[in-house]
Amino acid sequence: MRVETLGDGRPEIAVVGGIHGDEPAGVDAVEHFMRRRPEVAAPVKLVIANEAAIERNQRYVEADLNRSFPGRADGRSHEIRLAHELGEELRDCVTLALHTTRSYGGMFALVDEIRELARSICPRLSVDAVVETGHAEGRIFEVAPDTVEVECGYQGTDQAAENARQVVREFLAATGALPDEETPHQTDLPVFRLGDPVPKAAAEEYEVFVDNFEEVLAGEPIAAADGEVVVAEEDFHPVLLSAYGYEDVFGYTAERVGTLSG
């Protein structure tokens, strides 16, 4: 794990890239700010998390880091130990965690629940939606509850790298570390509450027929596994839905529950 600090003093703001080693956009964004070292009004901790997985261009070495929190100093796997170390670094920090996905080309934010943090920061970011995940064991929220995760676009693309740099600037402006210049103040940012996964049977080929965040009605086809069609049992909004993003699920159902304004 690599950690650098912008500014002087004890940081209460953090930006993390490289939680997953095969998602280079977040690493690029954090390294960009490490190199540029902008003058900040409040100290900022910059973290590149899973260097071993990044070197291998793999999601993880032994276990998914974002399912390994809070971790243990004497853990049996690299990621269990790293989760403990990262948790110590992020303690008491308002944190931005950068990710990418195979399901959506734009940006959206994820929080464990809609609290003041989400209300104050998320409308200030160039995201299309906020997803409330609820409690999910092993996620970064276990050690850093004041975290906003942002999916920055399609994994491995130049656009995702550009998006990641942009959202870091916006996050630092929203938290007072950088000047508030050209930062969004969204007034109708949709909020979705994550629901159940959409199961995916073992197959050779997969298809997805719906768009993320666009409502799907009961009875409509969602996806197919080797031509076997999966049909919506009830109305829902897809989130993180893709043909090959996950091994055993297509993605998740969600309910639109309101909006945020900033």
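The peptide bond from Phe69 to Pro70 is cis, with omega near 10 degrees. I note that this is a predicted model, in which local features need pLDDT of at least 70 and side-chain atom pairs count only at pLDDT 80 or more, while totals for chains, interfaces and linings use all residues. Residues are numbered from 1 along each chain as its sequence is written, and side-chain values use heavy atoms, with hydrogens and water left out.

I then turned to phi. Most residues other than glycine have a negative phi, and most peptide bonds are trans. Asp92, in the loop between α3 and β4, has a positive phi of about 70 degrees although it is not a glycine, and with a relative accessible area of 59% it is exposed (buried means under 20%, exposed over 50%, partly exposed in between, with a 1.4 Å probe and protein chains only). Asp226, in the loop between β10 (221-225) and β11 (228-231), has a positive phi of about 50 degrees and counts as partly exposed at 47% relative accessibility.

Next I checked how α1 (residues 24-36) packs on α5 (residues 158-174): the angle is about 55 degrees and the axes are 8 Å apart, the axes being lines fitted to C-alpha atoms over the stretch in contact, and angles running from 0 to 180 degrees between N-to-C directions. The two helices are therefore oblique to each other (under 35 degrees counts as roughly parallel, over 145 as roughly antiparallel, 65 to 115 as roughly perpendicular and the rest as oblique). On the α1 side, the residues that meet α5 include Ala29, His32 and Phe33, and their partners in α5 include Ala164, Val168 and Leu172, contact meaning heavy atoms within 4.5 Å.

Which residues touch the most other members of the largest nonpolar core? Of its 41 residues, they are Val15, Val44, Leu98, Cys122, Val148, Val150 and Leu172, a nonpolar core being a set of buried Ala, Val, Leu, Ile, Met, Phe, Trp, Tyr and Cys residues joined through side-chain atoms within 4.5 Å. The largest share of this core, 8 residues, comes from α5.

Last, I looked at Thr95 in strand β4 (residues 94-101), which counts as buried at 0% relative accessibility.

Note on methods: Helix = DSSP H or I, 4+ residues; strand = E, 2+ residues; numbered from the N terminus.
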